[in-house]
Amino acid sequence: MNIVCCIKQVPDTATVIKIDPEEKHIQREGITYIVSPYDEFAVEEALQIKEKLGDTTVTVVTMGPERAKEALRQCFAMGADEGYHLVDDAFDDSDTYATATTLAAAIKKIDFDLIICGKHAVDGDTSQVGAQVAELLDIPQVSMIMKEEINDDKKTAVVNRQLEGGEEVLEVQLPSLWTCQKGLNEPRYPTLKGIMGTKKKPITDFTVSDLGLSPEEVGLLGSKTDVSKMYPPPPRLPGRIVEGEPEEAVKELAKLLREEAKVI
Amino acid sequence: MVDTAFTEEQDMLKRSARNFVENECPPEYVREMWENDEGITQEVWNKMAELGWMGLLVPEEYDGIGMSFQDLAVVFEEMGRVPMPGPFFSSVVLGGETIRLAGTEEQKKAVLPGIAMGETRATLALMECDPLLSPAGIESVKAEPAADGYAINGIKLFVPDAHTADYIICAARTDEGADPAKGISLFLVDSKTSGLSIELLKTMDGGRKQCEVNFENVAVPESALMGQKGEAWPIISKVADIANAALCMEMVGGMEKSLELTVDYAKTRIAFDQPIGSYQAIKHMCADMMLITESAKSVAYYAAWAVSEDTPDAPEAVSMAKAYCSDTYRKATGDCIQIMGGIGFTWEHDAHLYFKRARCNEHLFGDAAFHKDRLVTMKTSA
């Protein structure tokens, strides 16, 4: 079985993000990068399937600048077998559609039975790429999975996906694409042997021409959306204590919440 | 060429170790282990073993991974951020490294694979009444020839994790002579050997257990002798350098975390309508903490590199690092408590965990005064 995991290198969630003066990008200087935590769920699930079924290859695919190879190697350290790096200046400033177009073109070149992604990347928070890749590849997709079981025929699987207040159980054909929700698994810590073996595992680079795409289909040119402005959220205002007897204070609080904060 | 920059693999190891200690050893766990005589749960120990950390320095022919001390140093720095309880330091560094450097082929084959897998624990019984790390201090514990081997008698103090060790490596005097550095031998002793009694001591840092080990006619076979009889001091000295380099990395991690705790608190604690970090007195203390933390990092990283490469100046580098880190870790953790005021002094706050680890580590394998003196001796005799 061949499982493809789409992963993204994102700023460490502990990093303080600053916006550049153009207000269209974040400042890259001094940022530490990690694999998006939801993508680690995807890799972990793929590795668990591999351990259960045997005879399985786990392939990780990412799009990004040269430094994104570190993210592929972090997945190798966990146990992934091989990687594809979609790296070309033409991919810069891709929106979700252009990203999905590029990923789908790459995955078409890889033999796959299952694609697993994080439910979203923790930088853009769009939750769109997984579904778009599935659409472009014309395969079923199940979002926010909490549990999965590949059937013995390896052509279908039973998948639980999270709903508000419950779970939905679906049977889905393979190949299909699943996106992972928190709680699906606990990603493993890379072992020392895994870390030391990362440089021995193969990474194949794909440029725009390798994928058979034109520069107009990818990056900023291939995007359907444009970032017009990026700005940090306003600083949180300090709390206010409503003084007085409880009966009066509650009335005052309700009034403030309705008229000032406009939350009720 | 000096190269203390982390490789990509070391960065990954650092991230993995950071995630592990933060998730598996949160402050509640550390406090729990203070009250637990074992010092660590089997579950956490096994997880560390599965990650391969215990075999990091063990050569591949003994089922280890055979990596460098610089790699282990990365792990120790992260452990210092917790600060990590349990016998990892004693088993991997004191036990494992002494056996690697001094053990016979049979001893290495018998013990190192177990240490690498986390199935066997070992420690080094070195100190006696003399608090200084000197050959003259190995005085009262004596190994004398007996039937088929030796009989060991005497009391060892402050032996890390002896109560949970499977093997205790005992530094004992086998010959008296004019030169105290001569006549010291190492013996690999099964901790279940008759005549051996171990008492867990009440010490300041509950995360680093220390014991009194009483040898009373402990009979060991000739095969328990490690290396050449009477020639163990150079190896003990080398193991102490490795141990101190590891402790310095742990102290650096603890200083980083103490600084973070302090700055976070100074930003959020309001006094007179202002965060206390906006006041000059607190700002200066925080800036000084950062200065000594970064300086400690530099000297500790250099010591780790020197030990890893076994450079001729490694002993000097280690003494510089231990002298500096001992003083500065105590200062940084003390200032952390000062800045926090009342809350920093409470049992519930984590600040004291670091302060107590600082006090413990500064005295293990020679304090700042000892290492400054050692530096003078090395420089003047060169």
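How many residues does the contact take from chain A and from chain B? With contact meaning heavy atoms within 4.5 Å, it takes 15 residues from chain A and 17 residues from chain B. This is a predicted model, in which local features need pLDDT of at least 70 and side-chain atom pairs count only at pLDDT 80 or more, while totals for chains, interfaces and linings use all residues. Residues are numbered from 1 along each chain as its sequence is written, chains are lettered from A in the order in which they are written, and side-chain values use heavy atoms, with hydrogens and water left out.

Chain A and chain B bury about 1500 Å² between them, with 66% of it on carbon and sulfur atoms; buried area here is the accessible area (1.4 Å probe) that two parts lose on being put together, summed over both. Of the area that chain A buries against chain B, 49% is supplied by Tyr189(A), Leu192(A) and Ile195(A), more than by any other three residues.

Two salt bridges are counted between chain A and chain B, each being a side-chain nitrogen of Lys or Arg within 4 Å of a carboxyl oxygen of Asp or Glu. Arg73(A) forms a salt bridge with Glu8(B), and the closest N and O atoms are 2.5 Å apart. The side of chain A that touches chain B receives at least two residues each from strand E3 (33–35), helix H2 (68–78) and helix H5 (192–196) of chain A, where helices (H or I, at least four residues) and strands (E, at least two) are DSSP runs numbered from the N terminus.
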